[in-house]
Amino acid sequence: MTMLVVGNWKLHGDWHSNAERLAALHGHGAVVPGVTLAVCVPMPYLQQAQQALQNGAVAWGAQDVSAHATGAYTGEVSAAMLKEFGARFAIVGHSERRQYHGESNETVAAKARAALAGGVVPIVCVGESLQQRQAQQTEAVVLAQLEPVLQALQQDAGRMVLAYEPIWAIGTGQTATAEQAQAVHAVLRARLQQDGASSVPVLYGGSVNPGNASALLAQPDIDGALVGGASLVAEDFLAIVQAAATPTGH
Ligand code: PEP
């Protein structure tokens, strides 16, 4: 399977620093066989990403998408609008949106469906808090997050991307061990398989960096990475991409 490495820039960047980072990726992205590479940029910079990356090997996308196609939804951006700027992906249900914007599992499912309907691939994030992990609820939590998405997408479920992002590992420098991540990925894969969607790429996210990427990406059910902080430094991001190009478990 082709590996997928996606950068999530979050609320970072400006025109000048973006231009430098995008140029570094564009120059390099064409020469990484076996890896699809993408960056999810803040909405206003989609056109900048499109201009810098078009006709290259690096895809781009957004960090959110509206559950609605059109209408009186101030501040929202539809999948069709993203598509007009060449976006291939939209992150959906990132834990920061669940936490700070009150997105429920059902909202996330509606956004995933709207993304696909508009021609954009949703990268659906699931993950447990530290408290939930300590209470042995990890499996139940991620499956409960995934379930409404599978129900909403039905036979289109195979067209999404899933990302396992333990909340306690996001932006903390405390990554899941390869074994911890693989165990959850295997559970997610088994659930996808029940719906005939076992080929959905399942990415790991949470403090992935050039030092830990190889071990994580070598796991049989880890098909790539969703990278926050390290995606802001082109050389670190490209080192992770390089690790994805030479995994041993796939
Ligand atoms: C993320 O934002 O999805 C993420 C995984 O962040 P970080 O790599 O910084 O932990």
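Trainee: Is the crossing of α5 and α7 left-handed or right-handed?

Mentor: Please keep in mind that the model is predicted. Helix α5 spans residues 105-117 and helix α7 spans residues 138-153. Their axes lie 8 Å apart, and the crossing of the two helices is right-handed.

Trainee: Why is α5 described as oblique to α7, rather than roughly parallel?

Mentor: Two packed helices are described by the angle between their axes and the distance between the axes. Angles under 35 degrees count as roughly parallel, and 65 to 115 as roughly perpendicular. For α5 and α7 the angle is about 40°. That value makes α5 oblique to α7.

Trainee: How many nonpolar residues does the contact of α5 with α7 have?

Mentor: On the α5 side, the contact is made by Asn 105, Glu 106, Val 108, Ala 109, Ala 112, Arg 113 and Leu 116. Helix α7 contributes Ala 144, Gln 145, Pro 148, Val 149, Ala 152 and Leu 153. By class, this contact has 2 polar and 2 charged residues, and its nonpolar residues number 9.

Trainee: Which helix gives the most to the lining of the largest pocket?

Mentor: The largest pocket holds about 460 Å³ of space. It is lined by 21 residues, and Met 43, Gln 63, Asp 64, Arg 97 and His 101 lie nearest its centre. The lining divides into 9 nonpolar, 6 polar and 6 charged residues. With 3 residues, spanning the stretch 95-100, the helix that gives the most is α4.

Trainee: How many polar residues does the lining of the second largest pocket have?

Mentor: About 170 Å³ of space lies in the second largest pocket. Of its 16 lining residues, Gly 171, Ser 207, Val 208, Gly 228 and Gly 229 lie nearest the centre. The lining has 5 nonpolar and 2 charged residues, and the polar ones number 9.

Trainee: Which elements each supply at least two residues of the lining of the largest cavity?

Mentor: The structure holds 1 cavity of 30 Å³ or more, and the largest cavity has a volume of about 50 Å³. Gly 93, Ser 95, Arg 98, Cys 125, Val 126, Gly 127, Gln 145, Glu 165 and Ile 167 line this cavity. By class, they divide into 3 nonpolar, 4 polar and 2 charged. The elements that each supply at least two of the lining residues are α4 and β5.

Definitions and conventions:
Residues are numbered from 1 along each chain as its sequence is written. This is a predicted model: local features need pLDDT of at least 70, side-chain atom pairs count only at pLDDT 80 or more; totals for chains, interfaces and linings use all residues. Side-chain values use heavy atoms; hydrogens and water are left out. On a 1 Å grid over the protein atoms alone, a cavity is a set of points where a 1.4 Å probe fits but cannot get out, and a pocket is an open set with protein on both sides within 12 Å along at least five of seven lines; lining residues have an atom within 4 Å of a point. Grid points are joined across faces, edges and corners, and a volume is the space filled by probe spheres set on the points. Helices (H or I, at least four residues) and strands (E, at least two) are DSSP runs, numbered from the N terminus. Ala, Val, Leu, Ile, Met, Phe, Trp, Tyr, Cys and Pro count as nonpolar, Asp, Glu, Lys and Arg as charged, and the others, Gly among them, as polar. Axes are lines fitted to C-alpha atoms, for helices over the stretch in contact, and angles run from 0 to 180 degrees between N-to-C directions. Angles under 35 degrees count as roughly parallel, over 145 as roughly antiparallel, 65 to 115 as roughly perpendicular and the rest as oblique. A crossing is left-handed if the near helix is turned anticlockwise from the far one by less than a right angle, and right-handed if clockwise. Contact means heavy atoms within 4.5 Å.
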